[in-house]
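Me: I have a model open and would like to go through a few spots in it. Can you take my questions as they come?

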Amino acid sequence: MAEFLSAIGEFWDTIKNLFSHIGFADVVDVVIVALLIYEVIILVRHTRAQQLAVGICVLILSYAFASAADLRTLQFVLNAIMQFGIVVLAVVFQPELRRALEQVGGVNSTFSRMVQGNKQMEEGLRAQWQSAIVAVCDAAERMAEQKTGALIVLERKVNLNEIIRTGTPLHSDVNVEGLTTIFYEGTPLHDGAAVIREAKLEAAGCFLPLSNNLEIGKDMGTRHRAALGMSENADAIIVVVSEETGIISLAKNGVLIRRLGRQNLFNMLVGDMLPPKEEAQKRGWFRRKAARGAGNEEK
């Protein structure tokens, strides 16, 4: 038993000596690097940049193997690829890089949460978004049954003024009748996209950037390519209804999610556009507690 306690004491002394040589700057350095790695993983996950990250890892491992095995020709080739590869990757993955830079300072990023805190959506705007999401889901379901093509963009933290300027300003309430009328075949605005900002139908007939993704299926047309392109260039959520098949799809973060029912679409939009219900309940509890405290003070 004494030997066991002695071993624990020696281990504890070793730990204390190890941490005694670590300064505050070292801790900050490690934390910042960890946050950077975390942000990079979040940005590249489920996008074409994920393939880029895998390719870079393969190159690094290949270079390490070539160095260990003293394969000089392979080292020369890999050195050349790495020197010119940065410029090539910046050109090929320009949409992903642009979206990544926009998201670094976004309200949902780790750094923004640390600096600004977790700001909650106002109750009035939250209720308006809930009503707008229900209208979007009902309209998508109705247009899917009628095989009416639709393209609806829900703005999040990245400003879409450039997209809104290409369409016709509306700034009206979001309702089923308005959305189905806009996309009814033969109306002047049915070919473009409708943009919803702060639970208001801001504009319709807007032009969206097309995706250059060659992996898009041949059964998907211009609407799906525009939805995917918009999601690659901003953090917006895009709802697509296929005119040929009536399939409802949702595009976000450069990924197209297909064959959604009304309930699945509703759940995804609520999860992406509204803060968690638990946080809203906590905020309401604190407000009620503060109100009670103010009432007791008046008495």
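Me: Where does S211 sit?
Reply: In this predicted model, S211 is placed in the loop that runs between β4 (200-206) and α10 (222-233).

Me: And is S211 buried or exposed?
Reply: S211 has a relative accessible area of 3%, which is under the 20% cut-off, and therefore it counts as buried.

Me: What does the side chain of S211 make a polar contact with?
Reply: The partner is the side chain of E232, at 3.0 Å.

Me: Where does E232 lie, then?
Reply: E232 belongs to helix α10, and with a relative accessible area of 5% E232 is buried, so the polar contact of 3.0 Å joins the side chains of two residues, S211 and E232, that both count as buried.

Me: Which residues does S211 touch, leaving out those up to four places away in sequence?
Reply: With those set aside, S211 touches I216, R225, L228, G229 and E232.

Me: Switching to the helices: how do α7 and α11 cross?
Reply: The axes of helix α7 (residues 123-146) and helix α11 (residues 262-273) come within 10 Å and cross at roughly 150°. Because angles over 145 degrees count as roughly antiparallel, α7 and α11 are described as roughly antiparallel to each other.

Me: Left-handed or right-handed?
Reply: The crossing in which α7 passes α11 is right-handed.

Me: Which residues meet there?
Reply: From α7 the residues are W129, I133, V134, V136, C137, D138, A140 and E141, and on the α11 side they meet R262, L265, F266, L269, V270 and M273. Divided by type, the residues of this contact of α7 with α11 come to 11 nonpolar, no polar and three charged.

Me: OK, what about A199, where is that?
Reply: A199 lies in the loop between β3 (193-197) and β4, and at a relative accessible area of 6% A199 is buried.

Me: What is A199 in contact with, neighbours within four places aside?
Reply: A199 is in contact with L125, Q128, W129, A132 and V174.

Me: How far apart are A199 and V174?
Reply: They are 25 residues apart in sequence, and in space the C-alpha to C-alpha separation is 7.0 Å.

Me: On backbone angles, what is phi of D70?
Reply: Phi of D70 is near 55°, which is a positive value in a residue other than glycine. D70 lies in the loop between α3 (48-68) and α4 (72-92), and with a relative accessible area of 47% D70 is partly exposed.

Me: And phi of K147?
Reply: K147 also has a phi near 55°, again a positive value in a residue other than glycine. K147 is found in the loop between α7 and β1 (150-154), where its relative accessibility of 46% makes it partly exposed.

Me: Zooming out, how many helices and strands does the chain have?
Reply: The secondary structure of the chain comes to 12 helices and seven strands.

Me: What share of the residues counts as buried?
Reply: Of the 299 residues of the chain, 36% count as buried, and S211, E232 and A199 are among the residues described as buried.

Me: Last one: what share of the contacts with a separation of 6 or more is between residues 24 or more positions apart?
Reply: Residues 24 or more positions apart account for 64% of those contacts in the chain.

Definitions and conventions: Residues numbered from 1 in each chain as written. Predicted model: local features only at pLDDT ≥ 70, side-chain atom pairs only at ≥ 80, totals over all residues. Heavy atoms only, no water. Axes fitted to C-alpha atoms, helices over the stretch in contact; angles between N-to-C directions. Helix = DSSP H or I, 4+ residues; strand = E, 2+ residues; numbered from the N terminus. Parallel < 35°, antiparallel > 145°, perpendicular 65-115°, else oblique. Left-handed = near helix turned anticlockwise from the far one by under 90°. Contact = heavy atoms within 4.5 Å. Nonpolar A, V, L, I, M, F, W, Y, C, P; charged D, E, K, R; others polar. Buried < 20%, exposed > 50% of the residue type's maximum accessible area, 1.4 Å probe, protein only. Polar contact = N/O pair within 3.5 Å; in protein donor to acceptor, adjacent residues only side chain to side chain.
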